[in-house]
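Trainee: I have a structure open and would like to go through it with you. Could we start with the contacts between chains and then move on to single residues?

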Protein chains: 2
Amino acid sequence: MIQFSKSVNSLRTSEIRDLMGLATRPDIISFAGGMPGNELFPVEDIDEIYNSLPLDSKQTAFQYGPTPGYPPLLESLKEYLQKKGMAVKKNKLMITTGSLQAINILAKVFIDPEDVVVTENPCFIGGISAFKSYQAILHGIDLDENGINLELLKNFLRQSKSTPPKFIYLTPNFHNPAGTLYTEERKKDLVPVLQEHELLLVEDDAYGELYFDDEARKRVVPLKTLYENDLSICYTSTFSKILGPGFRLGWMLVPPEIYQKAELCKQSMDACSPNFTQVLANEFLRSGKMELYIQKMRLIYKRRKDTMAGAIRKYFPEEITWMEPKGGFYIWLKLPPKLDIMAVLKSSIEKGAVFVIGKTFDPEGKDNSHFRLAYSHTPEGKIEKGIQILGDCLKEELRLSK
Amino acid sequence: MIQFSKSVNSLRTSEIRDLMGLATRPDIISFAGGMPGNELFPVEDIDEIYNSLPLDSKQTAFQYGPTPGYPPLLESLKEYLQKKGMAVKKNKLMITTGSLQAINILAKVFIDPEDVVVTENPCFIGGISAFKSYQAILHGIDLDENGINLELLKNFLRQSKSTPPKFIYLTPNFHNPAGTLYTEERKKDLVPVLQEHELLLVEDDAYGELYFDDEARKRVVPLKTLYENDLSICYTSTFSKILGPGFRLGWMLVPPEIYQKAELCKQSMDACSPNFTQVLANEFLRSGKMELYIQKMRLIYKRRKDTMAGAIRKYFPEEITWMEPKGGFYIWLKLPPKLDIMAVLKSSIEKGAVFVIGKTFDPEGKDNSHFRLAYSHTPEGKIEKGIQILGDCLKEELRLSK
């Protein structure tokens with residue numbers, strides 16, 4: 001009989017996996033995946049870049065690169081982050097195979113079995129599975145409209161003084177799945193709490209570039225930029241939302257002593273991230289094409305969000321409550337009590353629309369009082385139709401629940 | 001103070017790292033890295049493939065893919081492996097981010113802290129660091145010219161009945177660093193030993209395609225092909241040596257129950273391997289370009305090996321003993337007693353040639369009685385010159401050691 005490790009036994013297949021598998025029918029309207037629409041990728045830009053590469057750059061693209069990343073990309077990215085006010089000189093930058101690998105590496109650097117990690121509740125599913133894969137005990141703290149609930153956080157940290165958490169994992173900009181954008185005040189008030197407990201912060205900023213208006217633009221400044229001198233912060237981000245997830249390129253910007261351990265981990269994981277896509281990403285960034293592309297994406301995602309928000313107002317029962325996001329990919333909706341979201345999911349897949357149920361994002365895998373809609377990869381025409389289907393299913397289930 | 005995890009503390013920076021860092025001078029002749037020469041990559045083939053891709057394939061290349069791999073690549077690769085006699089239907093195939101990730105995932109699937117893993121001695125350094133990163137205790141069994149020493153293996157397995165090893169990790173084809181190609185007999189004799197102890201085999205076949213003659217071609221048949229019905233075997237391989245390491249694409253072919261756990265691990269590590277390079281690798285394989293390319297590479301690597309072997313005979317002191325490899329990338333050389341290989345490395349880097357010292361490949365990090373020369377990434381003209389430099393340093397150190 002095969003004996004698996006304890007850590008792999010702590011990972012579970014999602015029970016709704018088969019159900020979601022059904023949802024890949026070509027006729028189905030999907031609000032499920034957290035990805036850009038295929039039609040939005042900068043294919044022409046990359047074509048132009050690829051075909052302008054000199055032979056030696058192409059050869060470099062085929063070769064192994066240094067573990068921390070393709071040096072020219074590290075330089076371009078440092079410049080980019082420095083322009084945004086990040087302390088790139090006090091920290092070290094590492095390219096990772098998607099930002100999920102950055103999060104996984106940081107989990108490996110800090111977590112021993114039974115260690116506590118604090119997350120938001122809800123939480124990015126990749127974070128949950130990365131932390132669980134190292135047998136962490138997750139404690140989720142509720143989000144409100146302005147960010148993580150500080151009273152709940154303070155209480156928990158006070159209670160857990162004998163077994164302090166290894167770190168806190170937060171996504172202050174356009175949270176996945178909650179869509180929340182932290183207020184400046186909430187970020188400011190968070191600092192003394194983390195300081196008091198000397199709690200390391202892992203800040204995930206996968207969506208910060210995708211703000212929809214000027215007010216949001218001002219608010220997406222990362223904690224890593226604002227509080228570099230006050231807190232110990234490991235910052236992670238990604239090219240997945242501003243170039244393409246298929247490039248599998250993310251990064252971490254972290255204090256040097258943490259970087260040193262992270263590099264050893266990465267060496268044992270995949271030696272280096274794909275040089276092929278790093279060479280292309282570097283030219284995309286260096287040429288200025290990336291900034292132009294992001295500007296376009298902000299407008300497109302905002303239009304999709306507006307369309308979805310409008311359709312929700314039109315087709316969803318009033319009992320469903322939600323906040324309009326100021327950026328990112330997602331709308332997070334709260335159900336009235338007793339409404340069975342699994343029944344809604346089943347009937348909605350039958351009728352041709354799919355989404356993700358809330359407990360997927362609960363660190364404890366229980367709370368099903370919400371669901372997530374992604375507007376990022378669905379053209380506007382389909383959004384309206386899909387929301388109408390979903391609205392019908394919600395209304396029907398609501399009727400049955402009364 | 002930052003408290004790191006126990007598992008990350010089990011990883012150490014190589015002490016000769018700084019020394020090897022010096023060896024990136026452009027004038028230096030390197031026999032160090034285990035990679036193809038930059039000038040050998042099939043850049044034109046991939047140019048042609050890239051520019052012939054229809055828009056929707058390119059868009060797919062930019063997008064996330066399924067965790068186990070880009071489905072058309074999985075299909076092409078299955079066909080390719082089936083033609084070579086592998087039982088692809090009884091097993092499951094997964095694309096990984098280099099074969100190092102495949103090895104790392106299998107380590108994660110099986111290893112709890114303090115578990116024993118049996119390796120060859122010497123052993124691929126990536127394997128060593130992957131196993132150590134899960135706090136395995138490594139036990140290396142010496143290789144002889146025909147493969148792993150079965151008497152030593154039997155003794156060890158008999159002694160460790162109370163704490164049986166989790167698996168044995170072997171590279172039967174053109175071993176890195178030893179260059180060894182297992183004989184058919186050694187492979188056959190290994191089977192009852194593994195059966196008796198119900199020992200799972202992780203078979204790393206990164207170099208099997210790169211045989212130099214017909215006799216070697218007949219001998220590279222993997223244990224996974226020969227003994228599928230007799231043993232439990234997890235097979236790993238890679239595109240790194242037959243397309244380009246910068247694509248970061250490897251694979252594992254493993255029994256379904258192991259695959260299921262491996263997929264969960266990969267989900268928590270990087271979600272999927274780069275779709276961008278998977279789309280290209282699929283066309284490379286499907287078009288038949290890959291087989292033509294490998295045929296060319298066999299000839300080129302053989303010529304480089306011949307050149308290096310000739311130069312070693314000409315310039316190295318007779319006290320250095322070695323076996324001529326029948327394929328792969330490496331020559332592994334044994335030093336006479338008391339010769340200080342670190343001193344040779346220092347003077348050789350000064351004079352313009354670099355290689356890797358033996359203890360890098362010792363699972364226990366001690367034995368420095370050998371060194372490794374890679375001929376794979378150095379053109380023939382430079383090989384002769386580099387070996388002459390190294391020969392001078394070896395002779396000088398040998399003189400001092402007497």
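Trainee: Which residue of chain B forms a salt bridge with A:Asp47, and how far apart are the closest N and O atoms?

Mentor: A:Asp47 forms a salt bridge with B:Lys58, with the closest N and O atoms 3.0 Å apart; a salt bridge here is a side-chain nitrogen of Lys or Arg within 4 Å of a carboxyl oxygen of Asp or Glu. Keep in mind that this is a predicted model, in which local features need pLDDT of at least 70, side-chain atom pairs count only at pLDDT 80 or more, and totals for chains, interfaces and linings use all residues. Residues are numbered from 1 along each chain as its sequence is written, chains are lettered from A and ligands numbered from 1 in the order in which they are written, and side-chain values use heavy atoms, with hydrogens and water left out.

Trainee: How many salt bridges are there between chain B and chain A, and how many residue pairs in polar contact?

Mentor: The count is two salt bridges between chain B and chain A, and the rule finds 39 residue pairs in polar contact across that interface, both residues being at pLDDT 80 or more. A polar contact is a pair of N or O atoms within 3.5 Å; within protein, one must be able to donate a hydrogen and the other to accept it, and residues adjacent in sequence count only if both atoms are side-chain atoms.

Trainee: What area do chain B and chain A bury between them?

Mentor: They bury about 6100 Å², 57% of it on carbon and sulfur atoms, where buried area is the accessible area (1.4 Å probe) that two parts lose on being put together, summed over both. In chain B, the residues that lose the most area to chain A are B:Phe62, B:Gln63 and B:Tyr64, together 12% of what that side buries. The contact, meaning heavy atoms within 4.5 Å, takes 76 residues from chain B and 76 residues from chain A.

Trainee: Switching to rings, how are A:Phe247 and B:Phe276 arranged?

Mentor: The structure holds 40 aromatic pairs over all chains. A:Phe247 and B:Phe276 form a tilted one, 4.8 Å centre to centre with 55° between the planes; rings of Phe, Tyr and Trp (its six-membered ring) pair if their centres lie within 6.5 Å, and planes under 30 degrees apart count as stacked, over 60 as edge-to-face and the rest as tilted. The pair crosses between chains, from the loop between β8 (233-238) and β9 (250-254) of chain A to helix α13 of chain B, where helices (H or I, at least four residues) and strands (E, at least two) are DSSP runs numbered from the N terminus.

Trainee: Is A:Phe247 buried or exposed?

Mentor: A:Phe247 counts as buried at 0% relative accessibility, and B:Phe276 does too at 2%; buried means under 20% relative accessible area, exposed over 50%, and partly exposed in between (1.4 Å probe, protein chains only).

Trainee: And B:His377, where does that lie?

Mentor: B:His377 lies in the loop between β14 (370-374) and α16 (380-401) of chain B, and this residue is buried, with a relative accessible area of 14%. A polar atom of the B:His377 side chain lies 3.0 Å from the backbone oxygen of B:Gly33.

Trainee: Which backbone feature does the bond from B:Asn121 to B:Pro122 show?

Mentor: That peptide bond is cis, with omega near 5°, and the bond from B:Asn176 to B:Pro177 is cis with omega near 15°.
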